[in-house]
Amino acid sequence: MSDDVTATQPAPSRNTGSAPQSGSSETAAPSRFGDTISGQSGTPRVLLVWDAPNMDMGLGAILGGRPTAAHRPRFDALGRWLLQRTADISATRDAATTVEPEATVFTNIVPGSADVVRPWVDALRNVGYAVFAKPKLADDSDVDSDMLDHIALRRHTVGLAGLIVASADGQAFREPLLEVAADGIPVTVIGFREHASWALTTEELEFVDLEDIPAVFREPLPRIGLDSLPDDGAWLTPFRPLQALLH
């Protein structure tokens, strides 16, 4: 999971949210969300953790290269799905208990790439996501431990009403997610079915294919697998260039 998100996910072609206008009622939102992300709000969370390097690597493998605008995930659509999921979870709890959604994206930033990544990060923040960005200084300077730390922080402070992790990294997440699920907290894994067999085969975890979330992609992904081959056969593109063997 060491590949950097900037290698395959450039800035979106347009913002998926609108910047608040001066004097509008939206100016209060950052303060309220600031309380949420800082932990000052004591409300239990339905927490979404998006593993940007891993999800980007999986999408690139399906596409055989960098995604175009039609095949970049729409985080506004994902946010609406999270709001609905939060409402569904809230409906199963005591009426006096408030549940709050929290959407987070974790990413690496390669030195010198800030100008390329900044529009994407700003678009995420404009829609309502908190972004944890970490310099990519070495192969092992990924964001795995930061994601797990944030999950543990929410679990042991304000509490989790639900946990959603977007990642195919079963080595990093399977056991920690099972620990959360053992507490009776609903746990969902978002990913691509081609790369997340560990989640698909674990009864305690719900799996949601990213493409099954309404309007996340503007066009269907060109997915061809061994279980969905056309009658005439199909080429399966390499996951990485042959030249990668030289590095």
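Helices (H or I, at least four residues) and strands (E, at least two) are DSSP runs, numbered from the N terminus. The model is predicted: local features need pLDDT of at least 70, side-chain atom pairs count only at pLDDT 80 or more, and totals for chains, interfaces and linings use all residues. Residues are numbered from 1 along each chain as its sequence is written, and side-chain values use heavy atoms, without hydrogens and water.

L236 lies in the segment after β6 (206-209). With a relative accessible area of 45%, L236 is partly exposed, that is, between buried (under 20%) and exposed (over 50%), using a 1.4 Å probe and protein chains only. Together with I224, L226 and L229, L236 makes a nonpolar surface patch of about 390 Å².

Strand β1 (residues 45-51) has seven of its seven residues buried, so it is largely enclosed by the rest of the structure. R45, L47, V49 and D51 point one way from β1, while V46, L48 and W50 point the other way. In a regular strand the side chains alternate between the two faces of the sheet.

| Partner of β1 | Bridges | Direction |
|---|---|---|
| β2 (residues 100-109) | seven bridges | parallel |
| β4 (residues 160-166) | six bridges | parallel |

Helix α5 (residues 144-156) has 13 residues and should span 18 Å at 1.5 Å a residue; its end C-alpha atoms are 19 Å apart, which agrees. The expected span is 1.5 Å times one less than the number of residues. The buried residues of α5 are D144, D146, M147, H150, I151 and R154.

How values were computed:
Patches are made of residues with over 30% relative accessible area and no salt bridge: like charges are joined within 9 Å, nonpolar side chains (Val, Leu, Ile, Met, Phe, Trp, Tyr) within 5 Å. Accessible areas come from the Shrake-Rupley method with a 1.4 Å probe; for residues, only the protein chains shown count as cover. A salt bridge is a side-chain nitrogen of Lys or Arg within 4 Å of a carboxyl oxygen of Asp or Glu. Two strands pair if DSSP finds at least two bridges between them.
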